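I opened my notebook today to get to know a new structure, and I jotted down each thing I looked up. Come along and follow the entries with me.

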Amino acid sequence: MSDIVGIDLGTTNSLIGVVESGFPILLADDNGERLTPSAVYFPDGAEPIIGRAALRARSVAPQRVVSSIKRLMGSAQRAGPLDLSPEEISALILRQLKGNAEHAVGREVTRAVITVPAYFNDAQRNATKRAGELAGFTVERILNEPTAAALAFALDRGQAKARIAVYDFGGGTFDLSILQLNDGLFEVRATNGNTQLGGDDIDAAIISHFAPEFSELSPEQAARLREAAIELKHRLSFEENASVELPFYCGAESLRVQLTRSELDRISQPIIDKTRWHCARALADARLKPEELDEVILVGGATRMPLVRDTVREIFGREPNTSPNPDEAVAIGATIQAGVLAGAISNVLLLDVTPLSLGLETFGGLMNVIIPRNSTIPIKAGEMFTTAVNNQRAMSIKVLQGEREMARDNWQLGQFEIEFEPAPKGMPRVGVQFEIDANGILHVLARDTRTGAERVLELKSAVDVSDEAVEKMLGDSLEHAFEDMTERTWTEAALKAEEMLRAVESIMTQSGAGMSETERAQITWAMSEMREALASKTPARLQRANAVLDEATQGLAALILEQAIR
Ligand code: AMP
């Protein structure tokens, strides 16, 4: 039997599930716990310990416990006493889940679907995939968390058509996704988020409320204060005030920390408010008004906070749906997807979207978008390109990601050259195809259509871009929209003007004989006007010069036509 497991590899907690008799089931460990804290304790000279026991070790040996490793995923940073990479540490957590699952189902499991935030970039997705492989899995699919959550909700409701927003506020990440369900076909219409925003930030804000000089605490004191802050935060989701006693906190002295719901609200408000912008952006991208949504689903442990629920209610003008267990929805969705891939569940299809546009650099340093932002993946798209210079022997393909009009303002993901036989400009035909596979990995193919020679670039080691950078890209594209457009319009007009100058020049030398002196003088003057207009960088002047040259070359055009006919 070939089982595929579904895994939610969370910042704070991880879960694993499998489809049994057509139903997604989350599997528990030997203690009956389904949530495994994503924490690893590295005891001196012994095997690493994962989960709840690792969390307990945090107050006695904080330097030996690694948690929230997901925040470093895809980066070159290393952590813990063994100086391991984020994927190596994540692999330890995954291996633990694998063991728990095998124990629960009584057979080996080797294939997995693993979820990631919708906003993870290529490097982060690949790191997640590698973590799975290091743990002994064949990773069948990397699935976006909000998609997984909506899937869990849809299967639960059995609804045929719905527009769903998933507000996912976890330990370390925030995502807002808008999905459309149409008779078993799932389409992600828009997604927006920040992988550096979550409940951890609220913990940090509570800690600095209690201990502004946090850096002066010993590592043990800091760890104990963090535990207390988290406990207070959790209790204040259900109580109006809470306090925690920390015995022997400072030598023989104890520390008592207390907090009220309204104090917590004040402390966490600026953090929760940051989610508003992402919601607005996703709605705008999906071209939907809040009232056009059928459902808003809350996912992630931090959505238990009353202030988060109030904020969501305000943004979307409705009561959010809290029916699925916010900790488990993503894992259940991953398990459903695993079931679909294994053939144990049918009638559901999953479609995801690209968070940023992908394209390449063309003449004049312009960004030429091949796959627009928020396109449904998997996707394949292509365009035909040619040369701008005679006898050009190669074309450089620069793969870009971003929302800006000029190539230089976007991120360059990769570059390669495709060579071809020398030919007059405009003759070679190079087909470029972009394909994003179901795991969100980009394959770029360039083919010389004459010889069939081709080159392929797989963007597995795409530039390591932080998620603040993704947000900055979106913000910048809005902020600079006007000047970007002006520059693009100018560049396009200038390219056309240069092309026209070259054409007129060559015709003048070839068929100058048939022209009158006045005509020749007029054209020469119009050309010099055009050159000056180009140098002045004034769009209006270029436009005028274009019209003048057009007018002056009318006779010439007729002449050329006549020649051609003859
Ligand atoms: P997740 O990444 O979905 O596992 O969410 C974990 C985050 O949810 C952590 O920041 C937790 O502290 C937070 N969380 C879990 N339970 C609660 C609760 N009852 N009230 C507030 N936050 C919670």
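**Entry 1: aromatic rings.** I began with a cluster: Tyr167, Phe169 and Phe174 form one aromatic cluster. I kept in mind that this is a predicted model. I then looked up how many aromatic pairs the structure holds, and the count is three. For Tyr167 and Phe174, I found ring centres 4.8 Å apart and planes at 65°. Planes over 60 degrees apart count as edge-to-face, so I wrote this pair down as edge-to-face. Phe169 and Phe174 also form an aromatic pair, and I noted 5.7 Å from centre to centre with 85° between the planes. That pair is edge-to-face too.

**Entry 2: buried or exposed?** I checked the cluster residues one by one. Tyr167 has a relative accessible area of 0% and is buried. Phe169 comes out at 0% relative accessibility, so I marked Phe169 as buried. Phe174 is at 0% as well and counts as buried.

**Entry 3: a charge and a ring.** Which residue lies over the face of Phe137? I found Lys98 there, at 5.8 Å from the ring centre.

**Entry 4: Thr191.** I looked up where Thr191 sits and found it in strand β12, which covers residues 185-194. At 2% relative accessibility, Thr191 is buried. What does the side chain of Thr191 make a polar contact with? My note says the side chain of Ser177, at 3.2 Å.

**Entry 5: a sheet of four strands.** I turned to an open sheet, whose four strands run in the order β19-β18-β22-β23 with antiparallel pairing. Which strands stand at the edges? They are β19 (366-371) and β23 (411-419). Each has a single partner strand, so one side of each is left without a neighbour in the sheet. From one strand to the next, I noted an average twist of 30°.

**Entry 6: one pairing up close.** As a reminder to myself, strands of a sheet pair through backbone hydrogen bonds, either parallel or antiparallel. I picked β18 (residues 358-362) and β22 (residues 394-401), which pair in the antiparallel sense over three bridges.

Definitions and conventions: Residues numbered from 1 in each chain as written. Predicted model: local features only at pLDDT ≥ 70, side-chain atom pairs only at ≥ 80, totals over all residues. Heavy atoms only, no water. Phe/Tyr/Trp six-rings, centres within 6.5 Å; stacked < 30°, edge-to-face > 60°. Buried < 20%, exposed > 50% of the residue type's maximum accessible area, 1.4 Å probe, protein only. Lys NZ or Arg CZ within 6 Å of the ring centre and 35° of its normal. Helix = DSSP H or I, 4+ residues; strand = E, 2+ residues; numbered from the N terminus. Polar contact = N/O pair within 3.5 Å; in protein donor to acceptor, adjacent residues only side chain to side chain. Pairing = 2+ DSSP bridges. Axes fitted to C-alpha atoms, helices over the stretch in contact; angles between N-to-C directions.
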